[in-house]
Amino acid sequence: MSTPPAFDDAFLRQFDTLLRWRRDVRHFAAQAIAPADMAALLEAAVLAPSVGNAQPWRFVRLRTPALREALAGHVDAENARAASGYAQEGRREAYRALKLHGLREAPELLAVFCDDHATAGHGLGIATMPEMLRYSCVTAIHTLWLAARARGIGLGWVSILDPAAVTALLDVPPDWTLIALLCLGYPETPSDTPELERRGWQTREPLADRLFER
């Protein structure tokens, strides 16, 4: 068996710094991601834990310019629809002023799906909580996110979309569920403060308001 590594205080401080600098990126530089780095990110993602070791994540790397533009147009339309849902004019205009995706600028686009009928894992752990398969995919995304930021690469998670429409556009099996549409690339201006906080949309609230004991 391999000897487990010792993570010293210096490593823990660096890890804490990594967590603080893992931000959702919407503004990307034109620099491409090297193929070796992209491969390393995907290899890191699949080190994530998964229920029953089912590994239900399915990655679709988007390489077709026309498909990229179709996705960007779809998300723009959904953004406009979402903006109209804000009754208060000030909040509606603040929403419209936000940049909520980098689908046209990011050098890499990655869609992450969950295979809801994955045969790996033999159903372990999902008899009462089948959603654990999808949660497993989320852990893979977060693992990829940290691996990206450690390499200076930013990630933006696009959520203002119609999953059914995106699934149809990407022509994947019908029993796959869309978990995320991700933009990957080098950020124009890295920051340790969430963009929505910098732009006055929402500040980070205290942990004490989110922690309960029973």
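Predicted model: local features only at pLDDT ≥ 70, side-chain atom pairs only at ≥ 80, totals over all residues.
Helices (H or I, at least four residues) and strands (E, at least two) are DSSP runs, numbered from the N terminus.

To stay with A97 for a moment, this residue is exposed, at a relative accessible area of 59%; on this scale buried means under 20%, exposed over 50%, and partly exposed in between, with a 1.4 Å probe and protein chains only. Between the C-alpha atoms of A97 and A148, which lie 51 residues apart along the chain, the separation is 27 Å.

Let me turn to the partner of α4. Helix α3, residues 65-84, packs against α4, residues 89-97, at an angle of about 165°, with the axes 9 Å apart, where axes are lines fitted to C-alpha atoms, for helices over the stretch in contact, and angles run from 0 to 180 degrees between N-to-C directions. The two helices are therefore roughly antiparallel, a label that applies to angles over 145 degrees. In the contact itself, meaning heavy atoms within 4.5 Å, N79, A82, A83 and S84 of α3 meet R92, Y95 and R96 of α4. These residues divide into three nonpolar, two polar and two charged.

As for α3 on its own, its 20 residues reach 29 Å from first C-alpha to last, close to the 28 Å expected at 1.5 Å a residue, the expected span being 1.5 Å times one less than the number of residues. Its buried residues are L67, R68, L71, A72, H74, V75, E78, N79 and A83, and what covers them includes β1 (57-62), α4 and β2 (108-115).

Setting aside neighbours within four places in sequence, P107 contacts A29, Q31, A32, I33, R68, L184 and G185; to Q31, 76 residues away in sequence, the C-alpha to C-alpha distance is 7.3 Å.

Finally, consider the loop between α2 (35-45) and β1, where N53 is found. Most residues other than glycine have a negative phi, yet N53, not a glycine, has a positive phi of about 55°, and N53 is exposed at 54% relative accessibility.

How values were computed
Residues numbered from 1 in each chain as written. Heavy atoms only, no water. Parallel < 35°, antiparallel > 145°, perpendicular 65-115°, else oblique. Nonpolar A, V, L, I, M, F, W, Y, C, P; charged D, E, K, R; others polar.
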